[in-house]
Structures are given as structure tokens and as C-alpha cells.
Amino acid sequence: MALLRFPPSLSASSPRLSSNSSHFLITKPLIGGKEVHGVAMAKGSGGAITGLVFSPFEELKLRPEVAMVPVEADKSLARFKYSEKCEVAVNEQINVEYNISYIYHAMYAYFDRDNIALRGFAKFFKESSEEEREHAEKLMEYQNKRGGRVKLQSILMPVSEFDHSEKGDALYAMELTLALEKLTNEKLLHLHKVAEQCKDVELMNYIESEFLGEQVEAIKKISEFVSQLRRVGPGHGVWHFDQVLLHGDAVHG
Ligand SMILES: [Fe+2]
Ligand SMILES: [Fe+2]
């Protein structure tokens with residue numbers, strides 16, 4: 001760690017004051033002719049200065065944890081108020097997104113088979129798989145942004161058969177998708193809770209603005225798909241639904 005050093009002229013020089021009603025403009029000359037300005041509030045009716053509202057250089061002297069800049073090659077310089085607990089929780093969510101992406105990819109492969117041939121479902125699940133991978137990547141980017149370290153974990157082998165004797169494959173796969181999206185939502189809420197416990201407002205805001213709203217939208221959309229598939233029934237109904245998925249823009253988010 002290296003402690004920031006301030007120009008000697010800053011601490012040595014006495015400030016020049018110019019008054020403007022209740023404010024004073026403080027001017028401190030720096031090396032090279034440049035000046036640093038700060039605003040001090042005068043307290044009381046007499047206009048006497050009782051203390052600076054914000055004096056960054058003085059505060060930094062008292063806050064070594066803020067002023068310290070790591071010099072170790074393996075340490076993040078950007079990391080600031082980012083707890084290990086949050087770092088672990090973000091890595092866990094990356095794993096959740098990858099797992100879901102993998103399952104949707106298996107569904108894509110299933111519906112793309114020549115003896116299944118529901119090309120709309122295949123397209124939908126391929127795009128959904130890519131979407132989940134994008135979520136994982138977004139969280140990886142975020143992890144690095146906060147100075148955490150991305151640690152990828154194992155992904156479970158998904159099932160490869162999605163037929164169901166009563167429901168048929170289309171409805172069964174869509175119901176499974178709905179359950180997975182709800183599970184993802186639960187995991188995101190858990191991540192948000194960890195951020196809250198750690199008082200990490202930045203992470204809370206990130207999850208709220210980038211993930212939670214989209215997740216609610218996805219759950220609504222998949223719920224509608226399940227209802228529509230129940231309504232149309234198997235056989236020709238599913239073929240028609242598949243055509244809508246094939247020619248429409250039905251990425252679930
Ligand atoms: Fe996701
Ligand atoms: Fe999703």
C-alpha cells in the first residue's frame with residue numbers, strides 16, 4: 001500500500017480568504033501556478049469561520065483506508081466498500097445464470113431434432129440460452145468493475161429428454177421454463193438481500209435496475225405461454241404455437 005502524499009505547498013501555505021455573505025472562497029496556491037479552491041461556510045450571525053464543511057486533503061489524512069492505493073500486482077485498485085460476502089454472492093449468481101443457460105441449450109437441441117421438429121421452440125430456447133449467458137457475462141463484468149474476482153463454478157449436466165406422457169413436450173418444457181425463471185428470481189432476491197445486509201447500495205441498485213424488473217417481465221411472458229399452450233392443446237395447436245414462436249419476436253429476457 002502507498003499513502004498519497006500532498007504537495008508541501010498545500011499544507012504549508014496559509015489560505016487567502018475572500019468573503020461573499022455567508023460563504024468564503026478559500027484559495028491555496030499550488031506548485032505550477034495552479035490554484036485549489038474550497039468553499040467554507042461561515043456559521044453564526046457574526047460570520048466567523050467555525051470550521052470547513054469539507055476539506056478533502058485533511059480528511060484523506062485521517063482516512064488511510066481511502067487514501068491508500070494498493071501496489072500489489074494481484075490486488076484491485078478500484079475495490080472500495082465491496083465485501084467478500086457480496087463478491088461470493090455475485091459469483092454464485094453467475095453460476096445460476098450459466099446453469100439456466102445450459103438447460104435452455106439442452107431444450108434447443110431437443111426441439112431441433114428431426115423427429116421433434118418444432119423449429120419455433122428450438123429458436124426460442126436457443127435465444128433464451130444466449131440471453132441467460134449474457135446475464136452471466138453482465139455479472140462477470142460487474143464483478144470486475146467492483147474489483148472482485150470472477151470464479152466460475154461447475155455446471156450440472158441437464159436432462160436431454162423433455163417429453164411428458166400427459167402434457168406433451170411443448171407444454172412440459174414451457175412449464176419447466178416458468179419454474180426455472182421463478183427460481184432465478186428467488187436467487188436474484190437472495191443476492192439483493194446479501195447486498196442489503198452488507199449495506200452495498202450500489203449492488204442493490206444494480207440488481208434492481210438491471211435484473212429484477214426484467215425477471216418479472218419474463219415470468220409474466222412465460223406464464224402467458226403456458227396458459228396459451230394449455231388452451232390450444234397438443235397436436236395441431238402446438239404446431240400453430242410453434243409457427244408463432246418461429247416468426248415472432250419471443251425472447252423471454
Ligand atoms: Fe437470467
Ligand atoms: Fe431468464
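Helices (H or I, at least four residues) and strands (E, at least two) are taken as DSSP runs and numbered from the N terminus. The model is predicted, so local features need pLDDT of at least 70 and side-chain atom pairs count only at pLDDT 80 or more, while totals for chains, interfaces and linings use all residues. Residues are numbered from 1 along each chain as its sequence is written, and chains are lettered from A and ligands numbered from 1 in the order in which they are written.

The protein chain contains eight helices and three strands, arranged from the N terminus as α-β-β-β-α-α-α-α-α-α-α. A residue is termed buried if 20 or more other C-beta atoms lie within 10 Å of its own, exposed if 12 or fewer, and partly exposed in between, with C-beta atoms placed from the backbone. On this basis 25% of the 253 residues are buried.

Helix H5 comprises 27 residues (119–145) and reaches 39 Å from its first C-alpha to its last, close to the expected 39 Å, which is 1.5 Å times one less than its number of residues. Just after H5, Gly147 adopts a positive phi of about 85°.

An unreviewed UniProt entry annotates Glu97, Glu132, His135, Glu181 and Gln215 as "binding site". These residues span 119 positions in sequence, yet no two of their C-alpha atoms are more than 12.8 Å apart, so they gather at one spot. Such annotations may be inferred rather than shown by experiment.
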